[in-house]
Amino acid sequence: MKYSIRALTTSDFDELLRLFQEFAHFEKRPDQMKNTVANMAAEAPFLLGFVVEDNNQVLVGYVTYFYTYHTWSGKGMYMDDLYVQEQHRGQGLGKMLLEKVIELAEAESCHNLRWLVSHWNTKAMDFYESIGADITNNELQCEVTFQ
């Protein structure tokens, strides 16, 4: 099967929502998935990323990111999610998506790229370490939700 990677567009929202839901299940937190296509449309300028589609133009993976500013280092990028459907893993698609984000972060003069990985996801940790990521346990995630 052939795959292509491209920037996500608003026409991807229906398929992206399906993948977001799959990812929430994979992360063992389906109850946390609150997003909708309507929200995505209303917040489209904030939804940045790349998608992988197969030769039938069906989305099989995605990566999302946003720009940040860190007081210690300056402009950065944060990778929010990286997900490839299980049946399409092992073909280098996750690495290609990550490389697209790294390439963009460098082109945009970001000083770093940060992301989280679930403590139980040892396959992802091994993958991230294999591309040179430094995985630390320096901080814990804090969150306040609204609505």
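Which residues is Met77 in contact with, leaving aside its neighbours within four places in sequence? In this predicted model, Met77 is in contact with Tyr65, Phe66, Tyr67 and Thr68, with Val101, Leu104 and Ala105, and with Cys110, Asn112, Leu113 and Arg114. A second, separate core, made up of 14 residues, includes Leu17, Val51, Leu59 and Tyr62.

Met77 itself belongs to the largest nonpolar core, which has 21 residues, and within that core Met77, Met79 and Tyr128 touch the most other members. Two or more residues are given to this core by each of strand 2 (48–54), strand 3 (59–70), strand 4 (74–84), helix 3 (93–107) and helix 4 (122–130). Of these elements, helix 3 gives the most, with 6 residues. In soluble globular proteins, nonpolar side chains tend to be buried together.

Attention may now turn to Glu27, which is found in the loop between helix 1 (13–26) and helix 2 (37–42). With a relative accessible area of 10%, Glu27 counts as buried, because this value lies under the 20% cut-off. When its neighbours within four places in sequence are left aside, Glu27 is in contact with Ser118, Trp120 and Asn121. For one of these residues, Ser118, a polar contact is found between its side chain and the side chain of Glu27, at 2.4 Å. Asn121 lies 94 residues from Glu27 along the chain, yet the C-alpha atoms of Glu27 and Asn121 are separated by 8.8 Å.

Key:
Residues numbered from 1 in each chain as written. Predicted model: local features only at pLDDT ≥ 70, side-chain atom pairs only at ≥ 80, totals over all residues. Heavy atoms only, no water. Core = buried A, V, L, I, M, F, W, Y, C linked by side-chain atoms within 4.5 Å. Buried < 20%, exposed > 50% of the residue type's maximum accessible area, 1.4 Å probe, protein only. Helix = DSSP H or I, 4+ residues; strand = E, 2+ residues; numbered from the N terminus. Contact = heavy atoms within 4.5 Å. Polar contact = N/O pair within 3.5 Å; in protein donor to acceptor, adjacent residues only side chain to side chain.
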